[in-house]
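User: I would like to learn how to read local features from a set of coordinates. Could we take them one at a time?

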Amino acid sequence: MKKSLRLRSQLYLTIIPLVAVVVLLSGVLAALESRSAITGIANKHIAYKAEQLRDFLYSEWDMLSTLGLDSQAEYRLSSQTSFLTYAYSLLRSETESVLAFDSNGTLILQAGLSSQPLDEPDTMTEENAQEISPGWFESELLGEERIGVAFVFEPLGWTVAVTELQSTFFVDIQKIQFTYLVILLVSIITVTLFLSIFVGHVIGPVERLSSTISTITTTGDLTRRVSSEFTDEIGNLATRFNVMISRLHGYQLQLEATLGAEKRARDTAVAQEVETLYILGRISDYRDEKTGEHLKRIGTLSTFFSQLLGQDEQEQKIMLHSSALHDIGKIGIPDAILHKPGKLTADEFEEMKQHTVIGFDLLKHSKSAYLVAGASIALSHHENWDGSGYPHGLAGEEIPLNSRIVSILDVFDALISDRPYKKAWSHDAALDMLISQRGLKFDPRLVDLFIENFQLFNKVMHDGLNMPDAYFLPGAS
């Protein structure tokens with residue numbers, strides 16, 4: 001049976017310990033204020049003694065000055081004796097002292113219930129020198145940490161200090177602080193224990209509801225439910241939450257079904273697009289099966305190059321399917337030029353160079369990422385690193401990265417393959433040619449990467465050539 005404790009009642013019970021905490025804090029503030037008040041009273045007590053001593057000194061000196069005796073040594077000594085006598089009368093504990101220093105900071109007079117007075121001022125050495133500023137001070141005097149009030153007696157150039165041991169001065173305050181600290185710790189422990197038990201009882205359902213929400217958010221598991229422990233507002237919230245999650249779970253199942261259908265449709269569309277790309281790549285070589293194998297190699301090696309450069313899976317797919325379109329513009333070049341066994345004339349070469357622009361024009365208006373990349377590669381794969389290439393004389397990193405990759409692989413594969421106008425070169429000769437054009441025709445960084453991984457490129461090239469056409473279609477591995 002569900003417990004019927006209402007949230008209102010729970011809140012009432014929570015307020016009680018909070019009030020206790022407020023009272024405790026009030027006590028702490030009162031303790032701090034008491035400390036401040038006691039310190040102020042003690043300060044005023046020492047300051048009062050200093051004022052009394054100062055008034056006595058000036059009164060005695062004014063009397064000597066009025067009688068014209070202030071310059072006579074015996075009367076000055078008598079004045080010092082009166083000073084010590086009056087200083088002793090002000091002392092109430094053995095830790096209090098009255099000290100007098102000359103203008104050099106040398107102790108010349110000392111009065112204390114536990115100390116012997118100085119017999120002769122001139123027996124002091126510079127080791128006794130002290131620097132004390134008028135007013136309240138806290139410093140080391142006579143090897144002890146002391147506090148006090150100092151004033152200057154100008155007629156004799158003295159600095160007089162009424163002092164108390166620092167440890168004695170603060171002893172009562174420390175006792176008060178310790179007492180309040182004990183009370184505070186006991187109160188905190190008691191209130192903490194009470195609140196930990198009560199909060200666990202009151203807040204527990206909320207925490208479990210929050211934990212369930214967090215788990216659902218993290219795992220996406222909409223089958224989880226929260227238990228309704230009370231019939232109060234929190235229990236009602238838990239019930240409504242379960243209803244909401246049940247509805248969301250139903251919507252999720254519907255959405256998953258819809259997404260599954262969309263994914264299948266999307267995969268079909270991608271497969272059709274890639275198949276179209278493959279057919280486009282074969283258009284340029286339908287008259288020459290050897291050139292068709294060249295396109296396969298370029299696609300495979302370009303993808304491997306993309307992997308070495310750390311490009312992601314999508315970029316590798318784009319490289320695989322777009323690189324095969326680099327010579328698609330050759331469908332617009334006459335057979336007489338395309339299959340000429342000898343060297344092309346200048347006019348023929350100019351017409352051959354137009355295959356880059358033709359390929360770009362064929363693909364440039366597409367919205368497909370593959371065809372857009374293919375258009376860029378078709379246009380600029382004959383651009384040279386030093387700017388001497390065609391059709392636009394781009395240089396360095398002005399040339400798209402994909403085009404720079406295809407440029408190296410296109411030349412290398414062409415060199416090691418038979419053509420109507422030449423015999424195949426050896427791999428070493430082809431590598432030497434790449435090295436000679438490093439930084440001139442080709443990107444030097446890409447040339448270095450190709451040479452460093454040449455054995456792997458050879459393996460990829462061999463495996464790629466032995467793959468069926470389906471290797472280039474979706475789902476191929």
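**Reading a helix, a hairpin and some side chains**

Analyst: Helix H12 (residues 427-436) has Ala 430, Leu 431 and Leu 434 buried. They span an arc of only 100° around the axis, so they sit on the same side of H12. Note that this is a predicted model.

User: Which exposed residues are on the face of H12 turned away from its buried side?

Analyst: That face carries Asp 428 and Asp 432, both exposed.

User: How do I read a strand pairing, and in which sense do S1 and S2 pair?

Analyst: The general idea is that two strands count as paired if at least two bridges are found between them. Here strand S1 (residues 96-101) and S2 pair in the antiparallel sense, over five bridges.

User: How many residues of S2 are buried?

Analyst: Six of the six residues in strand S2 (residues 107-112) are buried, which leaves the strand mostly covered.

User: Which residues is Ala 100 in contact with, leaving aside neighbours within four places in sequence?

Analyst: The contacts of Ala 100 are Phe 83, Thr 106, Leu 107, Ile 108, Leu 109, Trp 158, Thr 159 and Val 160. A separate value concerns Ala 150, which is 50 residues from Ala 100 along the chain: their C-alpha atoms are separated by 9.3 Å.

User: Next, salt bridges. How many does a search of the whole structure find?

Analyst: The criterion is a side-chain nitrogen of Lys or Arg within 4 Å of a carboxyl oxygen of Asp or Glu. A search of the whole structure finds 11 salt bridges. One of them joins the side chains of Glu 144 and Arg 146, at 2.7 Å from N to O. In that pair Glu 144 is partly exposed at 34% relative accessibility, whereas Arg 146 is buried at 4%.

User: How far apart are the closest N and O atoms of Asp 55 and Arg 54?

Analyst: They are 3.8 Å apart, and the two residues form a salt bridge. Asp 55 counts as partly exposed at 42% relative accessibility, and Arg 54 counts as partly exposed at 33%.

User: Where in a helix do Lys 317 and Glu 313 stand relative to each other?

Analyst: Both belong to helix H7 (residues 313-322); they are four residues apart, so about one helical turn separates them. Lys 317 and Glu 313 form a salt bridge, with the closest N and O atoms 3.8 Å apart. Lys 317 is partly exposed, with a relative accessible area of 38%, while Glu 313 is exposed at 56%.

User: Last, which residues form the nonpolar patch that includes Phe 178?

Analyst: Phe 178, Val 182 and Val 186 form this patch on the surface, and together they have about 290 Å² of accessible area. Phe 178 is placed in helix H4 (residues 171-219). With a relative accessible area of 56%, Phe 178 is exposed.

Notes: Residues numbered from 1 in each chain as written. Predicted model: local features only at pLDDT ≥ 70, side-chain atom pairs only at ≥ 80, totals over all residues. Heavy atoms only, no water. Buried < 20%, exposed > 50% of the residue type's maximum accessible area, 1.4 Å probe, protein only. Helix = DSSP H or I, 4+ residues; strand = E, 2+ residues; numbered from the N terminus. Patch = residues over 30% accessible without salt bridge, like charges linked within 9 Å, V, L, I, M, F, W, Y side chains within 5 Å. Areas by Shrake-Rupley, 256 points an atom, 1.4 Å probe, with all protein chains shown as cover. Arc of directions from axis to C-beta. Contact = heavy atoms within 4.5 Å.
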